[in-house]
Amino acid sequence: AFHDWWIYQLAAGSGARLVLDPAPMALYRQHGGNELGAAGRIGGRSRLSRVLAGQWRAEMQGHARALHRVSHLLTAEAQSTLAAFLDAPPRGFARVERFRSLGLRRSSTGGDILMLGAAFAGLL
């Protein structure tokens, strides 16, 4: 669904050395036709509406299945994490606990809450 995010996951999962620079290097262009708006919803659909519609789950599951198809490129640890994600219970506290035990998180506390709430409800 989001090629840049999937490439990041593949690079990180295959053991690439990633350097995360906190200084912005590019402007992110937003307009009304964006599929997904930046935080604060400047354009596109809000993250919450995507979660409630099941779109976020479909996208993340698609990313995970695509990574599984090239899992031979991943480190043993990344393969294990991916397998545990794909094998997570479908909903409820068990799914939330699986996500937490895998160290899955978003870039903000609000994002973490949304992710774990969606996992609990079976929407992620």
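User: If a salt bridge is a side-chain nitrogen of Lys or Arg within 4 Å of a carboxyl oxygen of Asp or Glu, how many does a search of the whole structure find?

Analyst: This is a predicted model, in which local features need pLDDT of at least 70 and side-chain atom pairs count only at pLDDT 80 or more, while totals for chains, interfaces and linings use all residues. Residues are numbered from 1 along each chain as its sequence is written, and side-chain values use heavy atoms, with hydrogens and water left out. When the whole structure is searched, the number of salt bridges found is one.

User: Which residue forms a salt bridge with E59?

Analyst: Side chains of opposite charge can pair when their charged atoms come close. For E59, the closest N and O atoms of the pair are 2.2 Å apart.

User: Does R50 count as buried or exposed?

Analyst: Buried means under 20% relative accessible area, exposed over 50%, and partly exposed in between, with a 1.4 Å probe and protein chains only. With a relative accessible area of 2%, R50 is buried.

User: What pattern does the chain follow when read along the sequence?

Analyst: Helices (H or I, at least four residues) and strands (E, at least two) are DSSP runs, numbered from the N terminus. The chain has six helices and zero strands, and buried residues make up 28% of its 124 residues. Read along the sequence, the pattern is α-α-α-α-α-α.

User: At what angle do helix 3 and helix 4 pack?

Analyst: The axes of helix 3 (residues 55-69) and helix 4 (residues 76-86) are 10 Å apart, these axes being lines fitted to C-alpha atoms over the stretch in contact, with angles running from 0 to 180 degrees between N-to-C directions. The two helices are oblique to each other, because angles under 35 degrees count as roughly parallel, over 145 as roughly antiparallel, 65 to 115 as roughly perpendicular and the rest as oblique. The angle at which helix 3 and helix 4 pack is about 135°.

User: Is the crossing of helix 5 and helix 6 left-handed or right-handed?

Analyst: The axes of helix 5 (residues 93-102) and helix 6 (residues 109-121) come within 7 Å and cross at roughly 140°, which means that helix 5 is oblique to helix 6. A crossing is left-handed if the near helix is turned anticlockwise from the far one by less than a right angle, and right-handed if clockwise. Whereas helix 3 passes helix 4 in a left-handed crossing, that of helix 5 and helix 6 is right-handed.

User: How many Å apart in space are L67 and W6, C-alpha to C-alpha?

Analyst: L67 lies in helix 3, where it is buried, with a relative accessible area of 9%. Although L67 and W6 are 61 residues apart in sequence, their C-alpha separation in space is 8.0 Å.

User: How many Å apart in space are S80 and L102, C-alpha to C-alpha?

Analyst: S80 is placed in helix 4, and its relative accessibility of 46% makes it partly exposed. S80 and L102 are 22 residues apart in sequence, and their C-alpha atoms are separated in space by 9.6 Å.

User: What accessible area do W5, Y8, L18 and L20 have together?

Analyst: L20, found in the loop between helix 1 (3-13) and helix 2 (47-52), counts as exposed because its relative accessibility is 69%. Patches take residues with over 30% relative accessible area and no salt bridge, joining like charges within 9 Å and nonpolar side chains (Val, Leu, Ile, Met, Phe, Trp, Tyr) within 5 Å. The nonpolar surface patch of W5, Y8, L18 and L20 has an accessible area of about 410 Å².

Conventions
Areas by Shrake-Rupley, 256 points an atom, 1.4 Å probe, with all protein chains shown as cover.
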